[in-house]
Amino acid sequence: MTRTLAVAICSGLLLAAVPIAAHHSFEAEYDRNKPIVLKGKVTKVEWNNPHVYYYVDVTDEKGVVANWAVEIGAPNGLYRNGWRKDSLKPGDQVTVDAFRAKSGANHVNGRSVILADGKKVFSGQNDGGPDRN
């Protein structure tokens with residue numbers, strides 16, 4: 001009985017730690033010293049927990065197109081701030097104020113985005129990263 005209880009408690013603690021390990025802070029993945037502004041066309045939007053991602057095709061000065069992943073806030077936080085699933089749609093032209101991933105990949109933490117209609121909206125991050133609004 002004692003052994004079964006010990007195994008159950010250890011299993012419960014291990015499973016409880018998985019969501020904590022899956023979530024990360026700004027400092028773990030992004031570089032506050034590498035701000036970037038991306039201008040381009042939205043290609044995909046994913047409303048998933050724990051963060052919403054959208055993807056933007058950005059054309060550089062040589063005409064080369066690269067697809068960038070933009071991580072923003074949690075769906076419920078964005079919804080409370082006025083975002084809806086159709087706030088960004090594939091094909092929308094956007095300007096993203098963000099910070100680059102430490103890995104150097106085409107992955108950023110979006111702080112704000114200027115939508116196609118000119119409206120600037122906060123991207124809902126409350127993760128210890130710098131505010132770029």
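## Basis

This is a predicted model in which local features need pLDDT of at least 70 and side-chain atom pairs count only at pLDDT 80 or more, while totals for chains, interfaces and linings use all residues. Residues are numbered from 1 along each chain as its sequence is written, and side-chain values use heavy atoms, with hydrogens and water left out.

## Salt bridges

A salt bridge is a side-chain nitrogen of Lys or Arg within 4 Å of a carboxyl oxygen of Asp or Glu. The count comes to 2 salt bridges.

Lys44 and Glu46 form one at 3.2 Å, N to O. Buried means under 20% relative accessible area, exposed over 50%, and partly exposed in between (1.4 Å probe, protein chains only). Glu46 is partly exposed because its relative accessibility is 24%, and Lys44 is partly exposed at 41%. Lys89 and Asp92 form a salt bridge at 3.8 Å, N to O; Lys89 is partly exposed at 40%, whereas Asp92 is buried at 16%.

## Rings

A charge sits over a ring if NZ of Lys or CZ of Arg is within 6 Å of the ring centre and within 35 degrees of the ring normal. The charged end of Lys44 sits over the ring of Tyr55, 5.0 Å from its centre. Tyr55 is buried, at 17% relative accessible area. Arg84 lies over the face of Tyr79, 3.7 Å from the ring centre.

## His51

His51 is in the loop between strand S1 (30-47) and strand S2 (52-59); strands are DSSP runs (E, at least two residues), numbered from the N terminus. His51 counts as buried because its relative accessibility is 10%.

How values were computed:
Helices (H or I, at least four residues) and strands (E, at least two) are DSSP runs, numbered from the N terminus.
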